[in-house]
Amino acid sequence: MSSELEREIARRRTFAIISHPDAGKTTLTEKLLLYGGAIHLAGSVKARRARRHATSDWMELEKERGISVTSSVLQFPYKGHAVNLLDTPGHQDFSEDTYRTLAAADSAVMLIDAAKGVEPQTIKLFKVCRMRGIPIFTFCNKLDRYGRAPLELMDDLEKVLGIRAWPINWPIGSGPDFRGVYDRRTKEVIVFSTEGDHGETEVGEKRIPLASPDIKSLLSEAELEKLNEDIELLDIGGEPFDLELVKKGQLSPMFFGSAMTNFGVRPFLDVFLEMAPTPAPRQTFTGVMEPSNPRFSGFVFKIQANMDANHRDRIAFLRVVSGRYEKGMNAFHSRLGKEVRLAKPSQFMAAERTAIEDAWPGDVIGLFDPGQYRIGDSLATGGLVEFEGVPRFSPEFFAICRTKDPLKRKQMEKGLEQLAEEGTVQIFQQLQMGMKDPIVGVVGALQFEVLQYRIEHEYGANLTLDRLPYSVARWVVGQPFEAKTFDWDGNRQTVQDRDGLPLVLFRDEWALQHAEEKHPELKFVAQAPQLRGTQFVSVA
Ligand code: G4P
């Protein structure tokens, strides 16, 4: 292996932040970029939203709603590391996109609002990380406010998520009584200070060894006693730290802090980068591809069309798995079975694209896509490589799609096709006589709004979406299957996917169960049967 490749792999960390909306993901992301020198002033308080729009929104819709709909990839340097942060949408809803982004990450940071503990969205995203077995780091945020007791938060992780936590640091008080955190590794207290400019700039940390007499100027007798008790409880009651368990995703290093005030962000980042894995090997259909393999290879995990309103373009996001990407190189496109030129690669600092000369394992490059890429596609130099498992998710919300103006039907269909290729929606054809309008299926209901907005703004067709009462989609395999077996009866409907495969949409799990009992000769699967390179998963 070339030593340059070795060096670049060793300094790379690629991760995503998972959280429930409002836990502080945007704030933490900004602070990480601030420490990485990627932005000079992290936005704070009122100016923050305005600035957030300026740097991380691609679509008008995002601006209107103040949410980030598309995932972006941010790269920043920090103490010799090249850090890739895959930004996932943080709104109430979720989409396949969020989950697929996790397929490109090597570790995850689970951000928790200390006042709220583990919330529903966190659980769903956690399950996806679990499935992949990637290391999960926990950051409990908003300690500057009154929150739940830290032991309770640890308990929450174990009971609700089934993962044990190992606190790297431990909070002393919360809200107005928040004094700082005790660093269990250095046996120092990192002092929380409310001075300064509310997190606009980096803060230096004041550290006082717990054994030092100076500690008494910071902590009252009662606080010190409580801290000593807590430490003893953790040291004696807890298990020893085991990095191997962290690497397997079975033990989560836990941190406490306050992203808004910058407190605890740097200590977190330092330890995180020390413990987080370097770019991981990936499974192909013929074996494992190591990052150190000199052959360049990677897979497409996301496709985004029309990111720039001035140029109707489409970008395929490729996670580099092995070797070195060099500008203008050719690679073998496995699905198409031919060499393609990897044109116009760029790296992303939100909406700003920077042309790049080279990229290494763990990096994400955006390839100009004339329509030749699909999610799950593999590219490699030196011949065929096919990566397994960019997951596709079984949709849970369905609607009939019509256009108000029949003359716009073609545009609607073109738009739907495009969004289906991006993986934003899945399209199904109805099989019943006279029912020609397509059904769209999505993983999160917000995708319907995105769909309507984009078809209108990008394809000029107004959509009406009539919601259907189904929540479960299952492909039918095994036996010859007649569509009329499951004629529409209000609880279910037979449809066909874009590849002509039959599936049944059920009102709920109960309706599915009923069908399974009544038709033991049929098999109902959450995964489209013949798709290679994709894997359907249900996370509900
Ligand atoms: P999200 O991306 O996870 O949805 O969360 P975001 O960063 O937007 O933060 C949600 C709210 O929580 C924001 O307040 C933000 O300022 C606040 N917040 C984030 N980190 C901390 C923290 O460490 N301590 C405290 N006290 N608050 C924090 P907001 O009122 O919704 O927005 P804004 O008016 O501050 O822009």
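Guide: Let's go through the aromatic pairs one at a time. A quick word first: this is a predicted model, where local features need pLDDT of at least 70, side-chain atom pairs count only at pLDDT 80 or more, and totals for chains, interfaces and linings use all residues. Residues are numbered from 1 along each chain as its sequence is written, and side-chain values use heavy atoms, with hydrogens and water left out.

Rings of Phe, Tyr and Trp (its six-membered ring) pair if their centres lie within 6.5 Å; planes under 30 degrees apart count as stacked, over 60 as edge-to-face and the rest as tilted. That rule gives 15 aromatic pairs. Take Phe178 and Phe192: their ring centres are 4.8 Å apart with the planes at 45°, so this pair is tilted. Phe178 sits in the loop between β7 (169–172) and β8 (180–183), and Phe192 in the loop between β9 (188–191) and β10 (207–209), so the pair ties together parts 14 residues apart in sequence. Strands here are DSSP runs (E, at least two residues), as are helices (H or I, at least four), numbered from the N terminus. Both Phe178 and Phe192 are buried, meaning under 20% relative accessible area (1.4 Å probe, protein chains only).

Now for Phe255 and Phe268: with centres 4.9 Å apart and planes at 85°, the pair is edge-to-face. Phe255 belongs to strand β11 (residues 251–256) and Phe268 to helix α11 (residues 265–275), so this pair links distant parts of the chain, 13 residues apart. Phe255 and Phe268 are both buried. They also belong to one aromatic cluster, together with Phe15, Phe137, Phe139 and Phe272.

Terms used: Buried < 20%, exposed > 50% of the residue type's maximum accessible area, 1.4 Å probe, protein only.
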